[in-house]
Amino acid sequence: MNHLSTYTKKLSSLASRRLARIFIGGVLGLIFLLAGNVAHANVENHQYPKVANVFLEWKLTRVQADALSKWDVVVLDMEVQNHSRDLMKRMRKKNPDIVILAYITSQEIRRDATTLQHSSPLRYKLNNSIHKDWWLTDQHGKQLSWWPGTRLLNVTNGAGNNNANQKWNDFLPQFVSDNILSNGLWDGIFYDNSWDNISYFMPNGTDLNRDGKLDTQRPHNDNQWRDGMVKIFQKTKHLHPDKIIVANGGHVYAPHVNGALYEHFDDDSFAHGLNKTKDVETKSLQPTVSILNSNVQNSGFLQDYRHMRFGLTSTLLTDGYYSFDNGDATHAEAWYYDEYDVVLGNPKSEAKKDFVEHNTISSGVWKREFANGVAIVNATASFKNIDLGGEFESIRGRQDPQHNNG
């Protein structure tokens with residue numbers, strides 16, 4: 001990638017304004033013509049750029065709560081309701097239109113959950129409710145694991161029943177309803193690891209139907225897994241039709257959820273990530289809350305402004321929410337950038353490649369026009385000169401004054 005070039009637009013008729021930067025050269029461009037502060041609205045009317053934060057600490061500090069209240073959508077661990085209930089209420093008071101989703105894993109639980117009665121009471125309670133025939137096992141009955149320190153659960157209808165005649169895919173939505181969504185603190189649920197298959201994660205096979213034999217038929221196994229996940233989503237929505245459901249991954253579940261998170265987005269996944277996001281937006285339940293997450297691969301490099309802006313401007317080609325953080329080792333950062341405070345207004349067009357609207361995203365130079373500006377992304381490996389048909393100014397920012405210098 002080449003270094004970025006800079007262009008600005010002069011707006012003599014705008015007396016009071018904050019204007020954001022255009023970055024055209026190696027990877028991306030950003031133009032914002034701004035007036036006023038970000039105006040938060042409900043989920044159907046959040047202002048562009050729409051931003052989200054996945055923040056998975058089990059408790060909050062007042063400083064963290066105040067910082068997180070600036071985002072449109074915030075995913076908090078379900079345990080925050082026990083440790084920081086008043087701070088959740090404070091966040092909502094500071095931002096009445098914030099959307100707060102409760103994080104829970106859909107198909108696994110920590111191995112140490114039996115020791116977490118005080119620090120993680122919901123996990124402790126959930127673990128104590130797991131029936132022995134709900135674990136995902138091999139043909140010898142050995143419990144399986146994919147993420148270190150966790151044990152997998154069988155989301156399919158092949159799992160056994162507890163005394164209430166429930167399988168895991170029956171019990172989990174009821175647990176979420178009784179212990180999380182019914183308390184009035186949350187706007188919805190975020191189901192982590194909403195895989196659309198099991199074969200990729202357990203390539204050696206599993207014993208889904210508990211008959212002591214290894215199941216290795218990939219299409220059959222994966223279809224059973226999908227059916228179980230759909231059951232979890234449908235039961236949750238049935239119990240709480242007014243709540244938002246977001247799935248981490250599994251864009252195939254779009255008709256049963258309000259949105260999905262696409263994680264680890266960068267220039268290598270430009271077309272793949274955006275096409276998935278646009279597909280979910282087209283097929284999902286309303287209101288739609290899909291999140292595109294870029295991160296710095298757990299390096300802690302929060303000043304990677306180039307990476308952040310590429311993800312932000314790419315997300316603006318869709319109607320999704322943008323998330324930027326350290327990575328999957330933490331997801332516990334409140335990194336807020338000057339660009340988040342712009343007021344782009346509503347979109348005036350769909351995304352355009354070479355200034356022509358296209359439904360499918362591919363590499364190239366992309367543009368989307370908004371009421372107060374335009375987002376431009378150079379998703380190629382070469383330097384591009386673009387005629388913008390005018391002069392554009394940049395915002396005056398504090399974090400990166402070399403670029404956001406007004």
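Which residue's side chain meets that of Glu 79 in a salt bridge?

## The Glu 79 pair

The partner is Arg 123, with an N to O distance of 3.6 Å. A salt bridge here is a side-chain nitrogen of Lys or Arg within 4 Å of a carboxyl oxygen of Asp or Glu, and by this rule the count comes to 16.

Glu 79 sits in the loop between strand S6 (73-77) and helix H2 (80-83) while Arg 123 belongs to helix H4 (residues 121-128), so the pair ties together parts 44 residues apart in sequence. Helices (H or I, at least four residues) and strands (E, at least two) are DSSP runs, numbered from the N terminus. Both Glu 79 and Arg 123 are buried, where buried means under 20% relative accessible area, exposed over 50% and partly exposed in between (1.4 Å probe, protein chains only).

## About the model

This is a predicted model in which local features need pLDDT of at least 70, side-chain atom pairs count only at pLDDT 80 or more, and totals for chains, interfaces and linings use all residues. Residues are numbered from 1 along each chain as its sequence is written, and side-chain values use heavy atoms, leaving out hydrogens and water.

Asp 400 and Arg 309 form a salt bridge at 2.9 Å, N to O. Asp 400 is in the segment after strand S18 (373-379) and Arg 309 in helix H8 (residues 305-315), so this pair links parts 91 residues apart in sequence. Asp 400 and Arg 309 are both buried.

Arg 368 pairs with Asp 319, their closest N and O atoms being 3.0 Å apart. Arg 368 lies in strand S17 (residues 364-370) and Asp 319 in the loop between H8 and strand S14 (321-325), so parts 49 residues apart in sequence are tied together. Arg 368 counts as buried because its relative accessibility is 1%, whereas Asp 319, at 30%, counts as partly exposed.

Salt bridges with shared partners join Asp 77, Glu 79 and Arg 123 into one network.
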